[in-house]
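Me: I would like to learn how to read the features of a protein model one at a time, with the criteria stated as we go. Could you take me through this one?

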Amino acid sequence: MAALLKRVFIFIALMLTTATGATAQLYAPPGGADLTPATPVLYAEVSGTAMTLKYGPLPASGATAYDATNASWSDTFCSNITTATVDASCKDFTGTSLAYLFFNMTKLTTINGLTNLNTANVTEMNAMFYFCQALTSLDLSGFNTEKVTNMALMFYNCSALTSLDLSSFNTANVTRMQQMFNKCPALTSLDLSSFNTANVTIMNAMFQDCSELTAITVGDGWDTNKVTQSSNMFLNCTKLPNFDSSKTNKTNAHTGTGGYLTAAAPAGPTTYSVTLAEGTEDADKWQAKVGDGEFTVLPVTGLEGGETVTIQYN
């Protein structure tokens with residue numbers, strides 16, 4: 001009897017009651033296999049020249065799992081892709097790397113739904129758009145980059161790119177920016193005013209061969225004090241102000257006299273005014289204060305942006 005029992009499969013029934021009162025049963029397979037849902041992954045589904053990125057359990061067929069450690073993860077289809085769509089499921093993405101995500105997709109012209117890509121935990125974006133030679137515009141203003149440490153080669157050889165929005169980029173933790181914009185000859189201006197580069201140590205060839213760049217705008221966060229590697233940083237950037245072909249490292253990576261960079265304009269208005277509704281009297285009783293300062297009669301002048309202004313009528 002004992003031997004017979006050993007050969008009997010034991011099925012464990014999990015009784016579930018539905019809203020209608022009907023009963024359903026889920027059975028564990030022989031051996032007590034785990035019923036835990038599959039671990040979600042970022043993966044690609046390809047149809048012709050279109051790729052859709054999704055996040056969830058990897059389908060049994062018809063999908064390719066993204067591998068952040070392997071630049072060749074999409075080799076079987078990358079050269080044919082013209083359109084990529086980031087599915088809404090990617091809002092739940094919790095991964096720490098997006099390295100090589102669109103690597104070598106040389107015919108890619110359009111990326112839809114980038115705002116669906118949750119980047120809150122991402123630390124690596126190196127070579128993310130490497131060799132996307134057909135992209136003409138890219139809006140990454142919805143990216144959260146506060147944990148990113150590596151942006152090397154991020155836009156390497158995006159040779160058709162004319163518009164690049166990085167206005168939300170927080171780069172306070174980034175240490176590597178080598179070749180980040182290397183070989184982007186169609187860019188004529190680059191706004192890096194949101195960048196904080198205080199922790200960056202490598203900027204080799206960061207803007208190399210951006211031959212049409214006439215302005216690289218930076219803000220107060222631009223700092224190259226920790227940069228130890230910057231060879232060819234501005235090689236062939238001949239249209240930048242004050243360009244000197246003998247100084248292509250970080251020497252002139254600053255604003256002001258002799259610098260290749262342009263200072264961002266001060267943020268915010270410098271003057272506030274109040275228009276009184278018809279019939280309002282005693283205009284001189286409108287006062288304002290900046291922060292915790294004293295109230296004064298309007299207008300308020302000399303603001304640098306970011307101040308709290310309180311307006312009252314006495």
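Me: Is E45 buried, partly exposed or exposed?

Reply: Before the answer, some conventions: this is a predicted model, in which local features need pLDDT of at least 70 and side-chain atom pairs count only at pLDDT 80 or more, while totals for chains, interfaces and linings use all residues. Residues are numbered from 1 along each chain as its sequence is written, and side-chain values use heavy atoms, with hydrogens and water left out. As for the terms, buried means under 20% relative accessible area, exposed means over 50%, and partly exposed is what lies in between, with a 1.4 Å probe and protein chains only. E45 has 25% relative accessibility and therefore counts as partly exposed.

Me: Which residue does the side chain of E45 meet in a salt bridge?

Reply: Side chains of opposite charge can pair when their charged atoms come close. The rule used here asks for a side-chain nitrogen of Lys or Arg within 4 Å of a carboxyl oxygen of Asp or Glu. E45 meets K54 in this way, with 3.0 Å from N to O, and K54, at 24% relative accessibility, is partly exposed.

Me: How many salt bridges does the rule give, and where are the others?

Reply: The count comes to three. One of them joins D209 to K183, at 2.9 Å from N to O; D209 sits in the loop between β10 (189-192) and β11 (215-218) and K183 in the loop between β9 (163-165) and β10, so this pair ties together parts that are 26 residues apart in sequence. D209 is buried at 18% relative accessibility, whereas K183 is partly exposed at 27%.

Me: Which strands form the three-stranded sheet, and how do they pair?

Reply: The order is β15-β14-β17, in an open sheet with antiparallel pairing. Here β15 (296-297) and β17 (309-313) are the edge strands, each with a single partner, so one side of each is left without a neighbour in the sheet. Strand β14 (residues 286-290) is joined to β17 by five bridges, and V290 stands opposite V309 in β17.

Me: How many aromatic pairs are there, and how should I read their geometry?

Reply: Rings of Phe, Tyr and Trp (its six-membered ring) pair if their centres lie within 6.5 Å, and planes under 30 degrees apart count as stacked, over 60 as edge-to-face and the rest as tilted. The rule gives 16 aromatic pairs. The rings of Y130 and F131 have centres 5.5 Å apart and planes at 35°, so this pair is tilted; Y130 is buried at 19% relative accessibility, and F131 is partly exposed at 22%. F169 and F195, by contrast, form a stacked pair, with 6.2 Å from centre to centre and 5° between the planes. F169 lies in the loop between β9 and β10 and F195 in the loop between β10 and β11, so the pair ties together parts that are 26 residues apart in sequence, and both F169 and F195 are buried. One aromatic cluster consists of F102, F129, F155, F181, F207, F234, F243 and Y260.

Methods
Helices (H or I, at least four residues) and strands (E, at least two) are DSSP runs, numbered from the N terminus. Two strands pair if DSSP finds at least two bridges between them.
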